[in-house]
Amino acid sequence: MSIFAFIAAALDGLLDDMEHANELPVGLNRQSITVEPPRDASHGDMATNAAMVLAKPAGTNPRALAELIAVRLREMPEVETVDIAGPGFINMRLVPHSWEGELRAVHVQKGYYGRSTTGAGRKVNVEYVSANPTGPMHMGHCRGAVVGDALATLLQFSGYEVIREYYINDAGAQVQTLGRSVHLRYREALGENIGEIPEGFYPGDYLVPIGQALAAEFGDRYATVAESDWLDLFREKAVAAMMDLIRADLALLGIHHDVFASEAAVQREGKVDAALERLTAEGLIYRGMLEPPKGELPDDWEPTEMTLFKATAFGDDSDRPVRKSDGGLTYFGTDLAYHAQKAENADMLIDIWGADHAGTVKRIKAAVAALTGGATPFDIKLVQMVKLLRDGEPVKMSKRSGNFVTLADVVEEVGKDVVRFTMLTRKADAQMDFDFAKVVEASKDNPVFYVQYAHARISSLGRRALEAFPNGLPTPDLSHFGAEELALIKQIANFPRIVEAASNAHEPHRIAFYLYDLAADFHSWWNLGNDSADRRVIVAGHAELTSARLSLSAGIGQVIRNGLALMGVAALEEMN
């Protein structure tokens, strides 16, 4: 239990005591009570809004209630001072020993520091990437892949059972086109001059080896026969080969999914019919016509009767078609059934989508609410595209792909860790520039370097301490710490809070932000030794002081490692 969690639990017990003493009504809702650092560090170490939250339902004045709470807080041995600010905020300053205990906790818990049981074993399905199986991974997929994977790891660290899922869109026109494109490459492998790739087909060279493999397997059996004789076979072979390529590309980023769900299987196994029958039985499916689109009508628009889902009953702007006028499924119809399938095996659903899918958020949330009776929490995180730059100029497209920059090319140039960390340096719904020069720049302005450099500096301290004190160091005596060291421990102690907040908000970028701040504080502390030898971590001839400061440095290094692990980034021992 972190020091913040400990004080929060103690406050909760204190409020129980006040109820028993008739100083508070029994059973007041305490869910909104927080214990967190005050915005202004000069106000103390921790602040609570307990009096503000409870005063109105208790029928009392917030400041008067704060005074009663403060009396009890002052009796705690961990608390040095308690002050009441404004209308009833309570600020606390802890005794130094409390913070020293937090540093010891880091050393005892090591890689488990910051872990929690918030998830209580609940099963959460995180679906991410789900790129069409028509080409290799490109940088348009990269950001969502990293955000989804980091979020899955964060949720596991917070006590959830996580299912990492990829939805294969292997039904529909795009995979039919893929099958035809591969057939062209198959004929090419047999020696035919296919000329220019026709417009609308997939032109990338990545299909060449698939065509060659099919030529080796089937010879010329399908070279001149009717399309109906080969299209299904070539589509299936192409999708399987593309998924092998996609898995390999994702592995370059350290990403591995637990489940690969097939759109074609959802349709083939009757999942769509089953879902629509459930909704029909509840009166949520009907035959009707959509309202005309807003603004000037297209020339070819005409009212058409379709099978519609009452999405407006669950907060959507209009009802949505699940079948077209000819009876064929809409994409939404299949997607609705797919989410019903996911909800059968999970307590919570999270989708990571590209921002270009923002228009479909309300309808799929409405569908999940209808299919689960609102019992399955469902969150959709939208991820903005990444603009690739080289020295400020847009990056040219890849020859291999034909019309995009592949993820493999980027990872090969700058490395997995740089790509993953950079993708988490901004909120997912904010635009991002990825400049090849800047992401490898050795400067404070590059968060990847700055955090990695902090860890490498800390690692070097252990090696240098062995040289300076070959006979070893005494057990750390943390009473040697001054204000700067205590401030660093307080920053360390924020890590469990940040992890919990990031997990609850489904925002893994908060870990990257925190690590940058922690690294900045460490570098500032380190730099004090540049002006004064007695402020260095390793002080010649002062074994006890060195041992204490080395313990603090190692604690910071441990927290950096834990945070980087959540991001899927390695902690470097040294940097050239």
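Tutor: A polar contact is a pair of N or O atoms within 3.5 Å; within protein, one must be able to donate a hydrogen and the other to accept it, and residues adjacent in sequence count only if both atoms are side-chain atoms. The side chains of Tyr331 and Asn169 make such a contact, at 3.0 Å. The model is predicted, with local features needing pLDDT of at least 70 and side-chain atom pairs pLDDT 80 or more, while totals for chains, interfaces and linings use all residues. Residues are numbered from 1 along each chain as its sequence is written, and side-chain values use heavy atoms, leaving out hydrogens and water.

Stay with Tyr331. This residue is found in helix α11, residues 331-343. Helices (H or I, at least four residues) are DSSP runs, numbered from the N terminus. Tyr331 has a relative accessible area of 46%, so it is partly exposed. That label covers the range between buried (under 20%) and exposed (over 50%), with a 1.4 Å probe and protein chains only. Contact means heavy atoms within 4.5 Å. Neighbours within four places in sequence aside, Tyr331 is in contact with Tyr167, Asn169 and Glu263. Its C-alpha atom is 9.6 Å from that of Ala171, 160 residues apart along the chain.

Now to charge. Side chains of opposite charge can pair when their charged atoms come close. A salt bridge is a side-chain nitrogen of Lys or Arg within 4 Å of a carboxyl oxygen of Asp or Glu. By that rule there are 30 salt bridges. One joins Asp16 and Arg30, with N to O at 2.9 Å. It links distant parts of the chain: Asp16 sits in helix α1, Arg30 in the loop between α1 and β1, 14 residues apart. Asp16 is partly exposed because its relative accessibility is 31%. Arg30, at 18%, counts as buried.

Arg30 has another partner. The side chains of Glu19 and Arg30 are joined by a polar contact of 2.9 Å. Glu19 is in helix α1, residues 3-20. Its relative accessible area is 11%, so Glu19 is buried. Which residues does Glu19 touch, not counting those up to four places away in sequence? They are Leu24, Pro25, Val26, Gly27, Leu28 and Arg30.

Look next at Arg549 and Glu485. Their side chains meet in a salt bridge, 3.9 Å from N to O. This pair also links distant parts of the chain, with Arg549 in helix α18 (residues 543-567) and Glu485 in helix α16 (residues 483-505), 64 residues apart. Arg549 counts as buried because its relative accessibility is 8%. Glu485 is buried too, at 3%.

Arg235 forms a salt bridge with Glu236, with the closest N and O atoms 3.8 Å apart. Arg235 is buried, at 18% relative accessible area.

Finally, a contrast. Arg143 lies in helix α5, residues 139-157. Lys and Arg count as positive, Asp and Glu as negative; His and the chain ends are not counted. Arg143 is buried yet has no salt bridge. The nearest side chain of opposite charge is Asp429, 6.7 Å away. What does the side chain of Arg143 reach at 3.3 Å? The backbone oxygen of Gln384. Beyond four places in sequence, Arg143 touches several residues, including Val383, Met385, Met423 and Arg426.

Conventions
Helices (H or I, at least four residues) and strands (E, at least two) are DSSP runs, numbered from the N terminus.
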